Amino acid sequence: MFIPHLCHHPEFKPHGSCKLYLVNIGGRLGAACTNRAADGMKVESETEALNADRRALTQMLFVEGNHICPSCEKSGNCQLQAVAYHLGMMTPHFTHFYPARDVDASHPDVLLERNRCILCELCVRASRDVDGKNVFGIGGRGIKSRLIVNSPSGRLADTNMSVTDRAAEVCPTGAILRKRHGFTVPIGKRLYDHHDIAEVPVAGMKEPRRD
Amino acid sequence: MIEHNVCDLPGIVARWGKDPANMVQILRDVQESCGTIPSDTLDQLARLLGVPRVRIEATASFYHFFHAESHGAYEILFSDNIIDHMAGKEALKAYLCERLWLEPRKLSEDGLVYVDDTADIGLADQAPSMLVNGHAVPSLDHTRLDLVAELIRARKPLADWPPMLFEIPDNIRLVGPLTGDPFAPGAALQATLARGSDATLAELDAANLRGRGGAGFKTATKWASCRKAEGDAHYVVCNADEGEPGTFKDRVLLNSHADLVFEGAKQGLIYLRGEYKNLLEKLKSVLARRREKGLLGNSILGEAGFDFDIEIHLGAGAYICGEESALIESLEGKPGKPRNRPPFPDRCGYRNQPTVVNNVETFACAARIAEHGGAAFAALGTPQSTGSKLISVSGDCERPGIYEVPFGVTVQQILIECGAEDAHAVQVSGPSGTCISYREFDRRIAFEDLPHGRRLHGVLARARHVRGGAQLHPLLRPRELRFLHAVPRRHLAAAQHHGQAGGGQGFGLRHERDEEHHAHPAGHGALRPRPHRRQPGGADHGEVSRCLREAPEEAGFRAGLRPRRRLADRAPHHRPRRRMGAFGHV
């Protein structure tokens, strides 16, 4: 079965920040990715109440960033977009923030589009735990939280980021993109254009799951 | 004139043991000696400590009191709590800015002064108040601000300012066993040693002491479980990050009853909120005195192997750090973001070791229990909520201050005590708590009643004279009072923003749902996507407007309405401190 999520990836330590994976564990709400299953544990996930909460949280993720799907290179491969479709989100519901966020195109091979960042910290974890580089971090607090990089100038070009890093490919949205690979697969022929995210929960999975 | 020196980074780093876990303390010292935390300092710190720059930047940018750009020789931060607003804070801030010829949030042209807001600084009983370079100045009015403006223009160093500006009375109005009885330092420790630790835990259990920070978890259970948990070290953390707007009981406890608190907290760390920096020296001297007396350090009271000491960590301006797992993250030098639970701190807390985190007041209660036994403690209060409770009262009432009351008293009784018999509505336990109308004033302060056993501190009596020709303060309009407590904090703004746009209609989250969704007390780490919390048979707490609408319709009520007076005009301290017995037995 599929539990909606955005910040979880089986390769990395659970982080528990997107709150979409919220399940009802024996009457209490808990994170599906950080609570271990135990014998006799009763867990509810596909309830209308939980899905309504997940939908509202997804809507909040949309309005607090600048997610313009029609012009985004990630459209069709984006997990945020796919989760929104999966949960039946029809409108943003909340007032858009339109925050001013920086785009960092300084790196020769990697584009950093902070407008689309949902602060899941997958890139932070990948860079720290897999690449051993600590390129990314989250700075600020609350609504001013933002993705920061490990350089005095604050520019990605001045870090030791490389396009072959694991951190360059884990982003569930279009916040970290490889340059010169845009639209090689046309929109309409992409992963989530044809599959619900419940079938292909992890980006990069080649084959849809059959269960 | 205050000159900020080039700071001695290696010295500061060495003072904190070259330990990245002390990052918040290191950054505080850098900020204090340089006035800012410049970008190149982060690089130097990264080299000195051997951690990536990005990690230091994450911490430095998280806390409100750290900033990269200069805030001048005098940084003035006005406490921005609803009580301050009711007491005319905005007008006073504008007045000061005018006197100094500057705009808020903009460094003055000569680089001398910076004026801005900050979250509640724990002085709601002496509102409006402000911090000058981290030092609290309470009870602001035009005269005091004139003086401040003069001192700044004369470029007088803060140390030469008249001490009366910084005097902060405790305002304890009603005393009880916690605040009223004399306490000999060491008494609780001696009793504990004589009784043995198992028997002392049993006394705690018998006393049925529940955490005073808000969640109301049974203290004996927490301590026993931490004691059993395996680890290289066990830590005790005292949560003195009293950030809930309108609360100030811990400030008073630490100011006047520090021995009682330290005696409860045997070993470990105190996380003192940055806003209470003025208490730091006093607390340090109490600790030093206890070390001299053999009540702290090695072989306490001559008992070999009984070694404990206490270190004080200062916060740096982040409300969220009052949540226990966020507080632990902050103690470890990281941004104070709540952890996922389980595991709970009693098994995996500070430095991943078993840790007990308790509120200041809880430790004070524990010391009293160790001293006098559990039965004496449990004699007060109700069966589910034993003992007494310190209530911080502020807002539109005659006598704001601290009231120690037995659990089980009604809101009405407290309102009579504090001189707000004709209140229309009361906000209980801060903005994230409950707003009740006068019809519910017979409800009791107890874990089993108000408000769901969550935070019990902070009764804000207010809006008393709504109909007296006065305008309802804009901040009291319902849409401003929306707080979405435990949704990840960054979503909070989304919801509030929407509340403004959508008028009184909530955020589209259905709020008639059952209780399960907000079952997490103080659950910052958990999710509670609930703007309105509904209580069975009670009010829908978000609806302040309803509370206020109801009141004036009552005939008896109107008679009590008087023209609204400014809070600043009320007669100060005209009632002597009394003991709580006045309530009879509840």
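User: What makes C397(B) buried?

Analyst: The relative accessible area of C397(B) is 2%. Buried means under 20% relative accessible area, exposed over 50%, and partly exposed in between, with a 1.4 Å probe and protein chains only. C397(B) is therefore called buried. Please note that this is a predicted model, in which local features need pLDDT of at least 70 and side-chain atom pairs count only at pLDDT 80 or more, while totals for chains, interfaces and linings use all residues. Residues are numbered from 1 along each chain as its sequence is written, chains are lettered from A and ligands numbered from 1 in the order in which they are written, and side-chain values use heavy atoms, with hydrogens and water left out.

User: Is C72(A) buried or exposed, and how do you know?

Analyst: C72(A) has 8% relative accessibility, so this cysteine counts as buried.

User: Why is S75(A) called buried, and where is its place?

Analyst: S75(A) has a relative accessible area of 11%, and therefore counts as buried. Its place is in the loop between α1 (48–64) and α2 (79–86) of chain A; helices (H or I, at least four residues) and strands (E, at least two) are DSSP runs, numbered from the N terminus. Contact means heavy atoms within 4.5 Å. Leaving aside neighbours within four places in sequence, S75(A) is in contact with C69(A), Q81(A), I187(A) and R190(A).

User: What makes V43(A) partly exposed?

Analyst: The relative accessible area of V43(A) is 44%, so this residue is partly exposed. V43(A) is found in strand β3 (residues 43–44) of chain A. Not counting residues up to four places away in sequence, V43(A) touches V23(A), N24(A) and I25(A).

User: Why are α9(B) and α10(B) called roughly antiparallel?

Analyst: Axes are lines fitted to C-alpha atoms, for helices over the stretch in contact, and angles run from 0 to 180 degrees between N-to-C directions. The axes of α9 (residues 197–207) and α10 (residues 219–228) of chain B come within 8 Å and cross at roughly 150°. Angles under 35 degrees count as roughly parallel, over 145 as roughly antiparallel, 65 to 115 as roughly perpendicular and the rest as oblique. The two helices are therefore roughly antiparallel.

User: Which residues of α9(B) meet α10(B)?

Analyst: S197(B), D198(B), L201(B), L204(B) and D205(B) in α9(B) meet A220(B), W223(B), A224(B) and R227(B) in α10(B).

User: Which residues of helix α3 of chain B are buried, and what covers them?

Analyst: In α3 (residues 39–49), the buried residues are T41(B), L42(B), D43(B), L45(B), A46(B) and L49(B). Their cover includes α1 (9–15), α2 (23–34) and α4 (53–62) of chain B. Of the 586 residues of chain B, 61% count as buried.

User: What is the mean pLDDT of chain A?

Analyst: The mean is 90, and 95% of the residues of chain A reach 70 or more; pLDDT is the predictor's confidence in each residue, from 0 to 100. Over residues 206–211 of chain A, however, pLDDT stays under 50.
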